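The sequence and the model are shown first, and the description follows.

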Amino acid sequence: MSGDNPIPKPAAERPDPDVSAAGCAPCEGGSDFIREAIREDLRTGRYDHVHTRFPPEPNGYLHIGHAKSICLNFGIAQDFGGKCNLRFDDTNPTKEDVEYVESIQEDIRWLGFDWEDRCFYASDYFEQLYQWAEELIRKGRAYVCDLTPDQVREYRGTLTEPGRESPYRNRSPEENLDLFRRMRAGEFPDGSRTLRAKIDMAHPNVNMRDPVMYRILRARHHRTGDKWCIYPTYDWAHGQSDSLEGITHSICTLEFEIHRPLYEWFIQALGIYAPRQIEFARLNLTYTVMSKRRLLQLVQEGLVRGWDDPRMPTICGLRRRGYTPEAIREFCRRIGVAKYDGVIDISLLEHCLREDLNRRAPRVLAVLRPLRVVIDNYPEEQVEQLDAVNNPEDPGMGVRQIPFSKVLYIEQDDFRETPPPKYYRLSPGREVRLRWGYFIRCTHVLKDPQTGEVLEVHCTYDPATRGGNAPDGRKVKATIHWVSAQHALPVEVRLYDHLFTKPDPDDVAEGADWRANLNPQSLEVVSPAFVEPSLQDAPVGSRYQFERLGYFSVDPDSAPGRLVFNRTVSLKDAWAKIAKQQGQDA
RNA sequence: UACCCGGUGGUGUAACGGUAACACAAGGGACUUUGGCUCCCUAAUUCCAGGUUCGAAUCCUGGCCGGGUAGCCA
């Protein structure tokens, strides 16, 4: 940019930015430092198109942090009229498995992205990588080293002291070539030799101190089988794979920043096409752990029920919980992209979810903790079908009918024998509205003579208020939900809370580890809960708002006649706040 | 202790040398057949010190603080 005019023009007078750059479209994902860098590259002609890639290692399930990267890489491709490849970074057969490549593909598709016919594997390039390695050997830029792993570490030096050169560093290209070919041929035991780039053992960046390019490893690879007993390291494979695929912008997380000089060194030593690596901060979320290692630990130690446990931040966990791809994408859009390594408040994720579900989830009535209500003046055998609006946010979603009868269940929380201040639900003498039903007034209660617990609430109803409006115009302070006892469906409901009790799971006492902060109440099973009969055939995965309670989705554990619901997220609850301020347990 | 990167309300992100803004969270209010939604309002921000400039969150220097890096992991 040439800042020739010190006073900026108002936006309306400014020429449209970037329209001249080839393939540059408006940025739906907003703008961030990466998109700016790309625009600059297009403007200066460093690249004339945009091609990104999402490069997971198939050694675990994708999580919400990957979603950030997926939205970034595919989103940038969309914004700039380019393409985004899926590439599995499968250079370590000891950790990888087809189970993961399949789940990763499923999750990316579910999130709404498409790599078309461009699903690649680093292992596709093993032969090319091998040939390039020989080329570097011939150029005297790589050598076979016989140091043991311990010795390599020792020779590398430390962060503050330079390393020492390997005694094998100055072998001739001929000898190196011979040794390297024999490495490939399987003449040497695992770990006995490596191929290393010949760079600088005194380099202040330890990644440049003759990094390992190949190790000997007899492990069956999920794609190449037993063809190879030497495998390239990340550093040797990644940049060359990017180059081969014609990637323009290789976007990765901050911890690879210090690898960039090496990334560029290999490309330059080979004299091949050069992509540009740009790093951004990975996602951190409050009340959540995100590292693959920890997620794996949660699963393996049985701390959760599996990778798709609805409490997990994995994509499959969120999906099972009832999250929508739209909510996750919107979240990723709103958090932005930067190099500052911060922590996102999980309430932003929950906000995006509610915003989406509010718009699309049909409403139903369900009672989690039933309290029996008897309408004393309602005819014994009578059943009425009442009209209920499916979604006040969207009249197009229509109306359904729900049965009403003499005996109902309401929520225990919606009745208080002695109401606290500002409580305006049902209590003796008070009148409330039953959603889509009648006004009812509490006359008296039946209690357990031993415990004093309220067993049954007796009410009278006003027949003139059918549907919920009083002809005389009188108002009630509260509308509560209910189900007809004889028509309600018993179901299981699983209520979830944050997996950790602290915003930062690492915030633990001396000697304890993050597991000490696991929330023992992160899962609460309510069974039976009661839902209105219209839910009878609700399909797995379908989402509903249980009015006044939250959003719920049907769990795959459901069987015919035995529905299981996950609470995806609760509704915001102003009363809970008031009650909390009053020092009650709400 | 070496090198790299970063630091803007509680949290995250904008502002591209010209009045520090948006969202979430928080607090208050209006509305309401969901104490939901929606709407309105309030409080709250440039790490510090110098320098350049008419003017600095932005450029420069120094400091402070935070993160990353010493796998034959990625």
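In this predicted model, Gly302 follows helix α9 and has a positive phi, near 70°. The helix itself spans residues 292–300, and its buried residues are Arg294, Leu295, Gln297, Leu298 and Val299.

**The open sheet**

The strands β4, β5, β6 and β7 make up an open sheet of four, in the order β4-β5-β6-β7, with antiparallel pairing. At its edges stand β4, covering 142–145, and β7, covering 230–232, each of which pairs on one side only. From one strand to the next, the twist averages 20°. In general, the strands of a sheet are joined through backbone hydrogen bonds, in either a parallel or an antiparallel arrangement.

The pairing of β6 (residues 212–216) with β7 is antiparallel and extends over three bridges. Within this region, Ile216 is found opposite Ile230 of β7. Helix α6, residues 173–185, lies across β4, β5 (194–197), β6 and β7, and runs at about 60° to β4.

**The surface near RNA strand B**

There are 72 residues around RNA strand B, and those that come nearest are Glu36, Arg363, Arg425, Arg433 and Gly467. By residue class, the surface near the RNA strand divides into 26 nonpolar, 21 polar and 25 charged residues. Several elements supply at least two residues each to this surface: α5 (149–156), β6, α11 (325–335), α12 (346–360) and α13 (574–581). Helix α13 gives the largest share, with five residues.

Which parts of RNA strand B make up its atoms within 4 Å of the protein? Sugar or phosphate accounts for 61% of these atoms, and bases account for the rest. Individual polar contacts involve both bases and a sugar or linking oxygen, as the following table sets out.

| Protein residue and atom | Atom in RNA strand B | Distance |
|---|---|---|
| Leu147, backbone N or O | base nitrogen | 2.9 Å |
| Asn469, polar side-chain atom | base oxygen | 3.3 Å |
| Glu257, side-chain N or O | sugar or linking oxygen | 3.4 Å |

In the contact made by Leu147, the protein atom belongs to the backbone. Asn469, by contrast, approaches a base oxygen with a polar atom of its side chain, and Glu257 likewise uses a side-chain N or O atom, here facing a sugar or linking oxygen.

Methods: Residues are numbered from 1 along each chain as its sequence is written. Chains are lettered from A and ligands numbered from 1 in the order in which they are written. This is a predicted model: local features need pLDDT of at least 70, side-chain atom pairs count only at pLDDT 80 or more; totals for chains, interfaces and linings use all residues. Side-chain values use heavy atoms; hydrogens and water are left out. Two strands pair if DSSP finds at least two bridges between them. Axes are lines fitted to C-alpha atoms, for helices over the stretch in contact, and angles run from 0 to 180 degrees between N-to-C directions. Contact means heavy atoms within 4.5 Å. A residue is near a molecule or strand if one of its heavy atoms lies within 4 Å of it. A polar contact is a pair of N or O atoms within 3.5 Å; within protein, one must be able to donate a hydrogen and the other to accept it, and residues adjacent in sequence count only if both atoms are side-chain atoms. Ala, Val, Leu, Ile, Met, Phe, Trp, Tyr, Cys and Pro count as nonpolar, Asp, Glu, Lys and Arg as charged, and the others, Gly among them, as polar. Buried means under 20% relative accessible area, exposed over 50%, partly exposed in between (1.4 Å probe, protein chains only).
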